[in-house]
Amino acid sequence: MLKSCELALDLQYQKWLFSKVNTATGGYSSDAGIKLRDRVLKEAKVLPNDIIDVSSFMDAFVDVDLMDQCGKDLADRFIKVKPSKILTVATTGLVIAIPMAKYLQVPLVYARKQRSVVMADTFDAGYNSKTIGQDRQLLVSKDHIDEEDRVLIVDDFLSSGSSQEALLRIVSEAGATAVGVGVLLEKEYEAGRVSLSGYEVPVESVVRIISVSEGVIQLHEDVGYAKM
């Protein structure tokens, strides 16, 4: 009896806490978002050029359970726009694009950064990679996207918006319809969301980073927590 009461109280507390966090952060937090936020604060590192190293849980070493939860969270946000395909960038975007494709039950297409022998005819778009400090090219086989598709762009980070904009240009060149952009982490202190605004598609992120000043990561959600 006592155990049942403890479990019931804990459940009520978790519901209350989630409600308070969601209200304080403007409705941007979810269970998956809170878990991702905690991992970012505990494990992410700020490198030179304000690059954020998340290789311990979503890059070189992937927490598949966390990515699955975040994938469902983002997928739920885009159900209403009825995507027919997901388009991402190999390889970093695949960690979130694969679970999202599973939950949305749509095919996944990924852009390569160099031409493969199996890619005869492609859509190409250039972008600037801050991570490596070079201009790169994204290539998608023309067999994989057509004018009837409703394409959802998915990636791990939204920073300057350069890579997402390149994907949107590929969608436009294919004659398809872009229905949104979904990312795990958004660097609000960069101009990514602004650079994508001209495409008039919804942009969703699980966790938003507002500053990495002096090597300290500050999240949008932290501002909300101060109100609790």
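## A pocket and its lining

Let's start with the second largest pocket, which is lined by L108, V109, Y110, R112, V118, M119, S141, D143 and H144. A pocket here is an open set of points on a 1 Å grid over the protein atoms alone, with protein on both sides within 12 Å along at least five of seven lines, and lining residues have an atom within 4 Å of a point. The volume of this pocket is about 160 Å³, taken as the space filled by probe spheres set on the points.

Strand β4 (residues 108–111) gives the largest share of the lining, three residues. Sorted by class, the lining holds five nonpolar, two polar and two charged residues.

## About the model

This is a predicted model, in which local features need pLDDT of at least 70 and side-chain atom pairs count only at pLDDT 80 or more, while totals for chains, interfaces and linings use all residues. Residues are numbered from 1 along each chain as its sequence is written, and side-chain values use heavy atoms, with hydrogens and water left out.

## The nonpolar cores

A nonpolar core is a set of buried Ala, Val, Leu, Ile, Met, Phe, Trp, Tyr and Cys residues joined through side-chain atoms within 4.5 Å. Buried means under 20% relative accessible area, with a 1.4 Å probe and protein chains only. The largest core has 34 residues, and L36, M58, I86, L184 and L185 touch the most other members. Elements giving two or more residues to this core include α2 (31–43), α3 (64–78) and β9 (203–211); such helices (H or I, at least four residues) and strands (E, at least two) are DSSP runs, numbered from the N terminus.

Which residues does L36 touch, not counting those up to four places away in sequence? They are F57, M58, L66, C70, L184, L185, V206 and V207, where contact means heavy atoms within 4.5 Å. There is also a second, separate core of 25 residues, with V89, A111, L138 and A166 among them.

## A covered helix

Now look at α4, where eight of 11 residues are buried. Among them are L94, I96, M100 and L104. Their cover includes α3, β3 (85–89), β4, β7 and β8. Just after α4, Q105 takes a positive phi of about 55°.

## A buried arginine

R208 is in strand β9. Why does R208 count as buried? Because its relative accessibility is 6%.

Terms used: Buried means under 20% relative accessible area, exposed over 50%, partly exposed in between (1.4 Å probe, protein chains only). On a 1 Å grid over the protein atoms alone, a cavity is a set of points where a 1.4 Å probe fits but cannot get out, and a pocket is an open set with protein on both sides within 12 Å along at least five of seven lines; lining residues have an atom within 4 Å of a point. Ala, Val, Leu, Ile, Met, Phe, Trp, Tyr, Cys and Pro count as nonpolar, Asp, Glu, Lys and Arg as charged, and the others, Gly among them, as polar.
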